[in-house]
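Please read them with the model open beside you.

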Amino acid sequence: MYWQDATASLLHTLTGHNRLGLITDVDGTISPIVNQPDAAQVTPRSRDLLRALHGHLALVAAISGRAASDVQARVGLPELVYVGNHGLETWINGQVALAPAAAAYRPALEAALAAVRRQQLPGMLVEDKGATASVHYRQTADPPATAAAFTPVIESIAAQHDLRLYHGRMVFELRPPIDVNKGTAFVQLVTDHQLDAAVYLGDDTTDADALLAAQRLRADGSCFAVGLGVESEHTPQAVRDSADLFVRGVQDVETFLSWLLNTAIASST
Ligand SMILES: [Mg+2]
C-alpha cells in the first residue's frame, strides 16, 4: 500500500500523537542515488521541509551508513540529530560520539582496508568511514560481475580480521562485530527523545532493520512507529517485506514530508 492510501488510517493515527519523531535515511531517500557517492546531494526541497518540520516535531533525525559528520555536512541543518555508520556514531550539537565498542575495532578495520586496497578490482572505490569501511562497485564496468568476483575475496578479508561483511546497493560494507544497526539506532532515538510516535523512511537493505523495529515498537505498544519503504529501480526484497507503507521514490518523499508538515501545522493550531 502507498502512503497516500493511509492518510485516513495508519498515518492519521501516527500524526495524532504528541511526541512524533521523523527519522530518515539519506541516500536514495532524501538524496537521489548518483554514480559517485561524493556527489550525492540532498534535494533543496527536502532540506527546506526538514528544517520546517524541526519546528513542529519532537525530533527530526537523519541516519545513514555514511560518517555522521558527512551526513551532517550533506544535509546541512545543524539543528537536527545525525546518526552515522548505521548507528555506530551520533552527531548532535556539533559533537560526534563514537560507540566505545567500535573504537576497539579500529586497528582490525585498518588492516582489512589495507588488504582490500591490495586486491581491489579496477573501478572500485574504497571509503574509510572511521568506524566502518565501504567498497563501492557501482562505477565499475560490469557491477554484477565485479560483485561475483570480489565477494570471496572480501569474505576472506572480513573473516581474517573478525569483521562483519554486509551487502548494500552496489557496495560491500565492513563493520565491527557489534550488534548496532539502523534498527537499534532507531529504537535508541525513540527512547532518548521519549517519542510516543515515529516515522522511518528508507530505501535499502540496511533500512530493513529499522522498518522491522518500527513494526515491533508498534506491536508492543511502546511507540506508534510506522516504517515507509522508498521504492527505487531495484527495491531490495528486505524492504518490500518489512515496510508498512511505500513511497514512490525521492520526489514522492518530498510530497510525503510536505503532507507531514501541513498535518503537523494543522494539528498545532
Ligand atoms: Mg538509502
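Predicted model: local features only at pLDDT ≥ 70, side-chain atom pairs only at ≥ 80, totals over all residues.

The points below go from the whole chain down to single residues.

1. The protein chain holds ten helices and twelve strands. Its radius of gyration is 18 Å, close to the 18 Å that the globule rule gives for 269 residues, so the chain is as compact as a globular protein of that length. The C-alpha trace spans about 60 × 35 × 35 Å along its principal axes.

2. **Burial and contacts.** How much of the chain is buried? Of the 269 residues, 45% count as buried. Contacts across the sequence also deserve a look. Take those between residues at least 6 apart in sequence: 64% of them join residues at least 24 apart.

3. **Two domains.** The domain assignment gives domain 1 as 3–99 + 180–267 and domain 2 as 102–175. The C-alpha centres of the two domains lie 26 Å apart. Domain 1 puts 16 residues into the contact, and domain 2 puts in 16 residues. On the side of domain 1 that touches domain 2, five residues are nonpolar, eight are polar and three are charged.

4. **Helix α2.** This helix covers residues 44–54, and S46, L49, L50 and L53 are buried in it. Why do these residues share one side of α2? They cover an arc of only 100° around the axis, which puts them on the same side of the helix. The cover over them includes β1 (20–25), β2 (59–63) and α10 (249–267).

5. **Helix α3.** Here the picture is one of cover. Helix α3 (residues 68–75) is mostly covered, with six of its eight residues buried. Which ones? The buried residues of α3 are A68, D70, V71, Q72, R74 and V75. They pack against α2, β2, β3, β4 and β5 (95–98). After α3 comes G76, which has a positive phi near 75°.

6. **W91.** This residue lies in strand β4. Is W91 buried or exposed? It has 23 C-beta neighbours inside 10 Å; the cut-off for buried is 20 or more, so W91 counts as buried. Leaving out residues up to four places away in sequence, W91 touches A68, S69, Q72, Y82, G84 and V96. W91 and A67 are 24 residues apart along the chain, yet their C-alpha atoms are separated by 9.3 Å.

7. **Strand β9.** Five of the five residues of β9 (residues 171–175) are buried, so the strand is largely enclosed by the rest of the structure. Both faces are covered. V171, E173 and R175 are buried on one side, and F172 and L174 are buried on the other.

8. **Partners of β9.** Look next at the strands beside it. Strand β7 (residues 133–136) pairs with β9 in the antiparallel sense over four bridges. In that pairing, V135 has F172 of β9 as its bridge partner. Strand β8 (residues 164–168) also pairs with β9 in the antiparallel sense, over five bridges. Y166 stands opposite E173 in β9. Strands β8 and β9 form a hairpin with two residues between them. M170, in the turn, has a positive phi of about 60°.

9. **H86.** Check the backbone at this residue. Its phi is near 60°, a positive value in a residue other than glycine. Where is H86 found? It sits in the loop between β3 (81–84) and β4 (89–92). H86 has 27 other C-beta atoms within 10 Å and is buried.

10. **Q194.** This residue is not a glycine, but its phi is positive, about 50°. Q194 lies in the loop between α7 (182–192) and β10 (197–202). Is Q194 buried or exposed? With 12 other C-beta atoms within 10 Å, Q194 is exposed.

Terms used:
Residues numbered from 1 in each chain as written. Arc of directions from axis to C-beta. Contact = placed C-beta atoms within 7 Å. Rg over C-alpha atoms; globule rule 2.2 N^0.38 Å. Domains from an automatic or database assignment. Nonpolar A, V, L, I, M, F, W, Y, C, P; charged D, E, K, R; others polar. Pairing = 2+ DSSP bridges.
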